[in-house]
Amino acid sequence: MSSPRARRAKRALPRPIARLAWQRAYTSAALMLALFIVYVFLNHGFGWIEALGISNSALPLALAAAGETFVMLTNGIDLSIGSVISLSNVVCAALGADHGALGIIAALAIGAAAGLVNGLVVSYMRIAPLIATLATSSIYMGIALIVLSAPGGAVPPWLPNWTVGSIGTIPVAAIWLLVSVLLAWIVLRRTRFGINLQALGGSESAARSAGIKVTRTRIGVYVASGFCCGLAGVILAGLTQSGEPTIGTVYLLNAIAAVVVGGTSLSGGVGTIAGSIFGAIVLTLVSSVLLVSGISTNYQYIVTGLIVIGALLAHSLHGRLGLRAARRAQQAQTGVAAS
Amino acid sequence: MSAEQRSDEILKGQDGVPRLQARGIRKQYGGVHALDGADIEIGRAEVHAILGENGAGKSTLVKVIAGVVRPDEGEVLVDGEPLDLSSPSASRSAGITVVYQELSLVPQLSVAHNLVLADLPRRRGLLSLDRAEEIAERALDKLGLTHIDPRAAVSGLPLDQRQMVEIAKATIAESRILILDEATSSLANAEVERLFELVRDLREQGTTVVMITHRMSEVWTLADSMTIFRDGRTVGRYDVGAIDQREAVSLMAGRDISAAFPAKRSRRTGEAVLELRDVRLNRRQEPWGLTLQRGEILGLGGLQGQGQRHFLHWLYGAGSGQGTIVRNGARVRIRRPADAIRNGIVMIPEDRAIEGLHLNLPIRWNLAMATLRRWSRLGVIRFSAERQLADRRIAQFSIKVGAPFQPVSALSGGTQQKVVIGKFMEAEPEVVLFVDSTRGIDVQTKTEFYAMLREFADDGAACVVYSSDTEELVGLCDRIAVFHDGVPAAMLEGEEITQDAVVAASFAVLGSEAA
């Protein structure tokens, strides 16, 4: 009864729940492909200019969504991502003209530092993440306005090539998107930090009793979020070749929407960063589709809202089907064991 | 002074310092002393049981040793070295592993992930899934758990399998001290047997095993010695040979306890409270029927996982299945628990943390939760009625509380279960479903609980009891339906009910199936 072969045979059985997170990422990837096809159809083709435009607007959102996913996987939420993007953006532009690469490093460092402050406030002052990051968001926004009170500044001339340019016909931003998906996969599935943060999101008490340093992991999650936003701020600086103290504001709600579309559960523990990146591309494609079909972009918000609700429905349907299949598989197994 | 309460027994097989020592541990929650001067001394390669009633402080002591709960006073020594009690990782690195009563697995992660969570195997800095699965498989095989797939999500496993995974997890860390906190309470006999073998092996290898259990027979089967707790204090340390079960129970309770089970009723009216017809819990099975009689206690027996739980969940409107439910001659539809409660059916759930209680809310609110409608007028809750209700139940079940407004999470496990039962009893049910409700409850409370059940039955209710403890079914029930594959395949009644008969029937129904 206990031969390794028996176990290997059982391994062939579907394990829907374990795969649920990835299935949800597939759902958002499928949605992304469908929208892409619609776009190509309406646009009568797809050239490098379109590819460049979509990649460039998707990349900052994807980074913000990736950062938010770290936090949401641990049951938290980071409402400061918009402000952190703005802050990093203006730091990059304010230092960029004179100090070049130093400005970029400073922008990334300040993003991570802002995340560290969020993590410390949430962990040590025991303030709920929603309130803590709402408060720090306001503070970061204020600092951004002090650093650069009006749009302006400059970036090193080579920065756009590295962020929003293209190599031949391939947009650099598309390469970064691909790299992000791969990196995200490695972090979540193959690093101690990634496993720990998912354990924390699934059950804090279980994580604690397994000896996971819960506080450190939680702080790390906010730092990761801040760093991703720092990257997004730098990319935006490369795109506009200047700084703008309110540029991040629109990214907060869109990033959360992208995370939800990507299949990350709001109750923590289940989700993928890759899904969130697909979700960000989905939201970008929505506005592109509206643009080429001649519908006023004023409708964009309504369509985005509908897409989020639709994606949630699809995920919950998926979940229910998955659970049913799991139960059936289990019944089959116990049936085997009983006879 | 606490040292005076310590037993003068000489530690068995000792060549010097004891492996584990706790001295004068005190811990207070709200106004309640969970621990009030607890002392233990356990030797190397010793299997030691910690006995005590609900709320005697056993679980708190374990949590102190594990570094999860910080004591107000006292110290713990491992091999004579003081243990840093500030974090779980300190205890872990001192070689202490705990299998908790409340499961500590992350449901969303796979079995393999959970097993290696404390020490992720890495190759070139990244987690190696292959190694993780290999380690998991080895640990599972050691316990004979070949039917558990290391890659399956824990959330998809039934409770008893999760418990075994939990134990497997504890064996991976090669620990000096393994603490089993109610590890057997949700396990079937075969699994308990495997666990015992494991414990004996570990003792051979020099590991100290501390077990907390309410199954007295396990202590006398497995343990070398025991420490008895009462009201957060150590009563004494005893060798297993030195006292018998009855003495131990009276030491725990502080008085003598007579028979645990109330007398069965000689006559039953036979009047039906609920009639179940054409029941099919899944599509594969033939429809079957069952009648619940007024005044009876019906037990659901059989091997673990033969659909007993599923049946009760279905009847309570919380599980899949189909069938006709007739109450007082009229057909009723039960599609959700609210329908069941309205029709006089309540269920005392097994996993109190998930299904039964709102842990962060006060005891008082929890007690009133199921019957809010009755305590409110025009949707506004009448506080005086609610308070009376809570006070009455707290007195009736001798629930040990600091104040009725304490959150339930501050109570011990057994006490929490009392709150669950108190809450549902307030609905004055006609049919009470018990799903392994005495899991993790001490002898004293169990006795009270059995008497209460009998009282309900005598008042005209029908009690349906599913228990993984066959002894309990035999002692308590008027009829026992032995389940196989979701169907009550045999019915034992009156004189036919003996431990042997139930076990025989559990296997006989399997035999006839195979033939």
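Tutor: Let's start with how helix angles work: axes are lines fitted to C-alpha atoms, over the stretch in contact, and angles run from 0 to 180 degrees between N-to-C directions.

Student: OK, what makes α4(A) and α5(A) roughly antiparallel?

Tutor: Helix α4 (residues 81-99) and helix α5 (residues 101-124) of chain A pack at an angle of about 160°, with their axes 7 Å apart. Angles over 145 degrees count as roughly antiparallel, so α4(A) is roughly antiparallel to α5(A). Their crossing is right-handed.

Student: Which residues meet where α4(A) and α5(A) pack?

Tutor: From α4(A), they include Val84(A), Leu87(A), Val91(A) and Leu95(A); from α5(A), Leu102(A), Ile104(A), Ala107(A) and Ile110(A) are among them.

Student: Why is Val308(A) called buried?

Tutor: The cut-off for buried is 20 or more other C-beta atoms within 10 Å. Val308(A) has 20 of them, so it counts as buried. Val308(A) sits in helix α14 (residues 300-338) of chain A. In chain A, 53% of the 339 residues are buried.

Student: How do you know that Val308(A) meets residues from elsewhere in the sequence?

Tutor: Leaving out residues up to four places away, Val308(A) touches Ala257(A), Val260(A) and Val261(A). Two residues are in contact if their C-beta atoms lie within 7 Å. Also, Val308(A) and Ile256(A) are 52 residues apart in sequence, but their C-alpha atoms are 9.8 Å apart in space. Across chain A, among contacts between residues at least 6 apart, 80% join residues at least 24 apart.

Student: Over to chain B. What makes β6 and β12 edge strands?

Tutor: The sheet is open, with six strands in the order β6-β9-β10-β3-β11-β12, and the pairing is mixed. Strands β6 (96-99) and β12 (233-239) of chain B each pair on one side only. From one strand to the next, the twist averages 20°.

Student: How do you know that β3(B) and β10(B) pair?

Tutor: Pairing takes at least two bridges. Strand β3 (residues 47-52) and strand β10 (residues 208-212) of chain B have four, in the parallel sense. One bridge joins His48(B) to Val210(B) in β10(B). Helix α7 (residues 189-204) of chain B packs on this sheet, touching β3, β9 (177-181) and β10, and its direction makes about 145° with that of β10(B).

Student: Which way do the residues of β18(B) point?

Tutor: Ile345(B) and Met347(B) point one way, Val346(B) and Ile348(B) the other, and all are buried.

Student: Where in chain B is confidence lowest, and where is it highest?

Tutor: It is lowest in helix α1 (residues 2-5), at a mean pLDDT of 35, and highest in β10(B), at 91. Residues 1-14 of chain B stay under 50, though the model has 27 contacts for them beyond four places in sequence. Residues 511-515 stay under 50 as well, with two such contacts. Where pLDDT is low, the predicted coordinates should not be read in detail. Chain B as a whole has a mean pLDDT of 79, with 85% of its residues at 70 or more. The model scores ipTM 0.73 and pTM 0.69.

Definitions and conventions. Residues are numbered from 1 along each chain as its sequence is written. Chains are lettered from A and ligands numbered from 1 in the order in which they are written. This is a predicted model: local features need pLDDT of at least 70, side-chain atom pairs count only at pLDDT 80 or more; totals for chains, interfaces and linings use all residues. Helices (H or I, at least four residues) and strands (E, at least two) are DSSP runs, numbered from the N terminus. A residue is buried if 20 or more other C-beta atoms lie within 10 Å of its own, exposed if 12 or fewer, and partly exposed in between; C-beta atoms are placed from the backbone. pLDDT is the predictor's confidence in each residue, from 0 to 100. Angles under 35 degrees count as roughly parallel, over 145 as roughly antiparallel, 65 to 115 as roughly perpendicular and the rest as oblique. A crossing is left-handed if the near helix is turned anticlockwise from the far one by less than a right angle, and right-handed if clockwise.
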